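Work through the exercises below with the sequence and the coordinates open. Each task is followed by its solution in steps.

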Amino acid sequence: MIDAGNINMKRRSSNRNRKYSNDYLFYEILVKIFTTLNVMDRSLVGMVCKSWNLASRDPSLWKKLDLTTLCTRCFYVRLIPINVWIDEYPSNKMTQFLKYASSLGGGNVSTIILNYYVYLRDEHLISLAERTPNVKRLVLPVSGNITKNGIESAMRSWRGLESITITSIVNDIAIDIFVAIGKYSLNILRLKFTCYFDLDQAEALVKYTPNLKELSIRNILVNMRGLCLVLNSLKHLEVVNICHSLIMDNLEGGFEIYDPIDHILKYVDVSCLKKLIICEKNSCLRCKNGRKKNVYDYRTSLPYRHLEDIWREDEISSLAH
Ligand SMILES: [Zn+2]
């Protein structure tokens, strides 16, 4: 005897399994497609429908919050290089976007790379930090207005931070960053500077980042005494990149410029380093890319493109992006 109720139950169960199976496949395919989108588009697709929203929140999509592809036109920004985000209206729109994008990624975000041309303010940085507590690597933009309180609030949220790319945005608060690092006992292992590396910063490194393993101070002005202090004091340092840097020191009103290797070896013992990276026979990234003398890149409309490349590239792969 046929049990109609049993058959209907089996059909319903089969349909339900098929539905779940299709949903599962659909979800996986959506996530795969979303991996090809930049952060702007990835944030927007979540507004299409429930299933797209669910897929757009998949943890695998948000390990790296890469904001380098942000388009200035999306925020009605005046095209003034370096200070492009200075207007109030785009700044507010930027805050809204950062809040939304970082809330999608939430605790899954381990790397934040800000757009080189973003004009970063406290509200931007704090909005990001509050929503992304598990960040390990932070790449700062080149300009903005970050205060001592702003950087301290951010560091309080980013207790697991291990790696920072420090730019000229910190000119007025360079030491405050390290004080905040010390205050919240951050274990910083990797640092890259794209601004002048002076003696004060070297002393701050020795005091607040004793476990530093990798340091890049390539393509910048470097204070000789600061460099010697770091090399002599940080016992866990493994790799230091001074490729194309100008090593110099103040000498009673004048400057003395040092040839990196000849002079460094006189003052410090670099035998404990695994690698000291210098420009060797034009094989470094800057030489290979032919930008040794090109200060202005006429191929693009952005006059600071070569600086953006210096910010992005590095012979130490963990400090490149
Ligand atoms: Zn070179």
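What share of the contacts in the chain with a separation of 6 or more comes from residues 24 or more positions apart? Residues 24 or more positions apart account for 75% of these contacts, where contact means heavy atoms within 4.5 Å. The model is predicted, so local features need pLDDT of at least 70 and side-chain atom pairs count only at pLDDT 80 or more, while totals for chains, interfaces and linings use all residues. Residues are numbered from 1 along each chain as its sequence is written, and side-chain values use heavy atoms, with hydrogens and water left out.

**Exercise 1. The chain as a whole**

Task: State how many helices and strands the chain has, and what percentage of its residues is buried.

Solution. 
- Step 1. Helices (H or I, at least four residues) and strands (E, at least two) are taken as DSSP runs, numbered from the N terminus.
- Step 2. On that basis there are 12 helices and 13 strands in the chain.
- Step 3. Buried means under 20% relative accessible area, exposed over 50%, and partly exposed in between, with a 1.4 Å probe and protein chains only.
- Step 4. Of the 321 residues in the chain, 46% are buried.

**Exercise 2. Packing of H7 on H8**

Task: Classify the packing of helix H7 (residues 174–183) and helix H8 (residues 199–208), then describe the contact by residue class.

Solution. 
- Step 1. The two helices pack at an angle of about 5°, and their axes are 10 Å apart. Axes are lines fitted to C-alpha atoms, for helices over the stretch in contact, and angles run from 0 to 180 degrees between N-to-C directions.
- Step 2. H7 is therefore roughly parallel to H8. The classes are roughly parallel under 35 degrees, roughly antiparallel over 145, roughly perpendicular from 65 to 115, and oblique for the rest.
- Step 3. H7 contributes Ala 174, Ile 175, Phe 178, Val 179, Ile 181 and Gly 182 to the contact, and H8 contributes Asp 200, Gln 201, Ala 204, Leu 205 and Tyr 208.
- Step 4. The contact has 8 nonpolar, 2 polar and 1 charged residues. Here Ala, Val, Leu, Ile, Met, Phe, Trp, Tyr, Cys and Pro count as nonpolar, Asp, Glu, Lys and Arg as charged, and the others, Gly among them, as polar.

**Exercise 3. Aromatic rings and a charge**

Task: Count the aromatic pairs and assign a geometry to Phe 178 and Phe 193.

Solution. 
- Step 1. Rings of Phe, Tyr and Trp (its six-membered ring) pair if their centres lie within 6.5 Å; planes under 30 degrees apart count as stacked, over 60 as edge-to-face and the rest as tilted.
- Step 2. The count by this rule is 4 aromatic pairs.
- Step 3. The ring centres of Phe 178 and Phe 193 are 6.4 Å apart and the planes are at 20°, so this pair is stacked.
- Step 4. The pair links distant parts of the chain, with Phe 178 in helix H7 and Phe 193 in strand E7 (residues 190–193), 15 residues apart. Both residues are buried.
- Step 5. Phe 178, Phe 193 and Phe 197 form one aromatic cluster.
- Step 6. Elsewhere, the charged end of Arg 42 sits over the ring of Trp 62, 5.8 Å from its centre. The criterion is NZ of Lys or CZ of Arg within 6 Å of the ring centre and within 35 degrees of the ring normal.

**Exercise 4. Positive phi**

Task: Locate Ser 185 and His 244, and state whether each is buried, partly exposed or exposed.

Solution. 
- Step 1. Most residues other than glycine have a negative phi.
- Step 2. Ser 185 is not a glycine, yet has a positive phi of about 55°. Ser 185 is in the loop between H7 and E7 and, at 61% relative accessibility, counts as exposed.
- Step 3. His 244 has a positive phi of about 60°. His 244 is in the loop between strand E10 (239–241) and strand E11 (246–251) and, at 22% relative accessibility, counts as partly exposed.
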